[in-house]
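Open your viewer and get ready to select a few pieces one after another. Here is a short tour of a helix pair and a pocket.

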Amino acid sequence: MKNIRYIFQILPLLGLLLTACDKFLDVNTDGTLKGDATMQELLPTAQFYTAEASFQQAYVACQYAQQLGSALGANGIDTYAETDNTLGWSNLYLYALPQLNTIIKKGQEEVSPAYMGIAKVLTAYNLGLATVNWENVPYSKADQNNFSPAYDTQEQVYATILKLLDEAVTELAAGTGAKPGQDDLIYQGDLSKWTRLAYSLRARYLWHGSLRNPQQAAEGALAALEKGMKGNEDDFQLQYNSKNLSPWYSKVAIPNTTGNLSVTFTNTIVDLFNGATQGVADPRLSKVIGIKSNQTVYSGVIPGSGSGSTVDLNNKAWHSNINSPLTMMTYSELKGIEAEARLAQHGGAGTSAAGYAAYQEMMSANMKKVGVEGAEIDKFLKDTRINVGASKLTAKQIVTEKFKSMLLIGDIWTDIRKYDYLDFPMPANPNPDLQGKRIQRMKYPDSEITRNSKTVLANQKDPEVAMWLITK
């Protein structure tokens with residue numbers, strides 16, 4: 001495994017150490033500033049920056065996917081304005097991936113396959129974030145002595161992701177060497193959950209390629225998810241605490257409540273929850289969508305306009321309160337993948353009993369996660385506009401419900417691009433450079449253009465050009 005610290009110019013400003021009795025984040029000391037930082041010190045830091053990279057991706061991607069829109073007017077990202085997501089790139093390439101690479105190296109030296117397996121799962125996830133943002137990205141040719149490496153193609157990146165996940169499964173099952181405990185902020189050392197996550201991510205990334213080879217992707221994803229997450233308790237998420245606050249709370253909700261507006265929910269997502277689109281109100285509405293003071297009707301911002309909103313991404317909503325976890329992949333998403341894959345096996349004309357059960361479980365699991373009562377879940381699932389029957393289920397119906405269940409998880413942008421943005425209206429004031437087309441990618445950061453301009457110019461494409469993944 002080659003070291004990817006080729007742009008590692010500064011050390012992380014924030015490290016995470018754990019006391020023996022505290023399984024949560026602590027920042028009293030930065031153990032990673034030491035040259036001999038241990039795997040136990042590096043792991044929580046790498047997990048923290050993985051979550052931060054996830055947030056930065058979701059902040060941009062969910063605006064492109066029309067879950068979020070600018071609350072500041074007509075000049076936001078939601079107009080399909082090009083953005084380079086510099087903070088996301090930095091979290092990936094300055095912090096998370098170098099830390100994970102060091103863990104893998106130390107795990108090899110100290111014969112600790114459990115740490116290596118976890119680090120490879122997280123590396124695969126971070127590479128997945130990178131490639132769905134920018135397509136071709138640095139990895140295999142990068143090391144600390146090469147400041148201008150060639151980029152891997154997206155096809156190569158997906159092959160690397162799957163290889164890492166396969167290796168991780170083997171290493172997690174080894175049963176030898178040091179094993180994490182409370183230094184593992186995500187699963188507290190439960191290697192069986194890490195194994196299930198590895199298979200779940202394998203299903204996600206295989207299903208990403210469903211446009212290129214639907215039957216092969218369906219077969220591979222279904223085989224993987226059989227060993228994947230079994231319930232909400234397996235969700236891949238980071239629980240923050242009072243010392244390190246969830247970024248949806250600290251960077252969005254709190255500023256929004258103090259007049260420093262940034263983003264809010266769009267009419268696209270709100271109208272799906274409030275019944276305007278489907279004709280039936282979703283009981284998650286009041287759980288996941290905040291509403292402004294003195295307002296009673298839920299209306300989202302019109303993308304690209306900055307207007308029309310009575311809702312708020314505030315500190316009372318499920319994803320953005322002081323106790324909120326940062327979700328990166330959920331059991332609900334896995335059931336959505338299963339529903340899509342089984343539908344594809346039927347040629348898209350209806351589905352099997354198992355496929356229909358997965359569709360229903362996708363919605364039910366997410367509702368339970370955000371606190372909807374059982375009676376409300378049953379009522380919603382039995383409504384004829386939702387309970388369409390296995391023979392009439394469509395990909396659009398599944399992905400529409402997946403869009404709701406994956407609220408504020410950035411990978412939903414991959415689905416939206418695969419399905420040609422469903423039938424979402426174009427934003428107001430769309431970026432004229434796209435000439436009426438939908439945005440497909442982020443720009444490479446300016447810092448990367450300065451550092452590695454020849455490579456960036458060879459890989460950068462116009463924002464409306466579909467990625468290799470999205471082309472048939």
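At what angle do helix H4 and helix H5 pack, and how far apart are their axes? Select residues 154–172 for H4 and 191–208 for H5: the angle is about 160°, and the axes lie 10 Å apart. (Helices are DSSP runs of H or I, at least four residues, numbered from the N terminus; axes are lines fitted to C-alpha atoms over the stretch in contact, with angles from 0 to 180 degrees between N-to-C directions.) The two helices are therefore roughly antiparallel, a label for angles over 145 degrees.

Now show the side chains at the contact (heavy atoms within 4.5 Å). H4 brings residues including Tyr158, Leu162 and Leu165, while H5 brings, among them, Trp194, Tyr205 and Leu206. By class, this contact has 13 nonpolar, 2 polar and 2 charged residues; Ala, Val, Leu, Ile, Met, Phe, Trp, Tyr, Cys and Pro count as nonpolar, Asp, Glu, Lys and Arg as charged, and the others, Gly among them, as polar.

A note before moving on: this is a predicted model, where local features need pLDDT of at least 70 and side-chain atom pairs pLDDT 80 or more, while totals for chains, interfaces and linings use all residues. Residues are numbered from 1 along each chain, and side-chain values use heavy atoms, without hydrogens or water.

Next, select Leu162, Tyr205, Leu206, Gly209 and Trp468, the closest to the centre of the second largest pocket among its 13 lining residues. Its volume is about 280 Å³.

Key. Parallel < 35°, antiparallel > 145°, perpendicular 65-115°, else oblique. 1 Å grid on protein atoms, 1.4 Å probe; cavity = no way out; pocket = protein on both sides within 12 Å on 5 of 7 lines; lining within 4 Å. Points joined across faces, edges and corners; volume = space filled by probe spheres on them.
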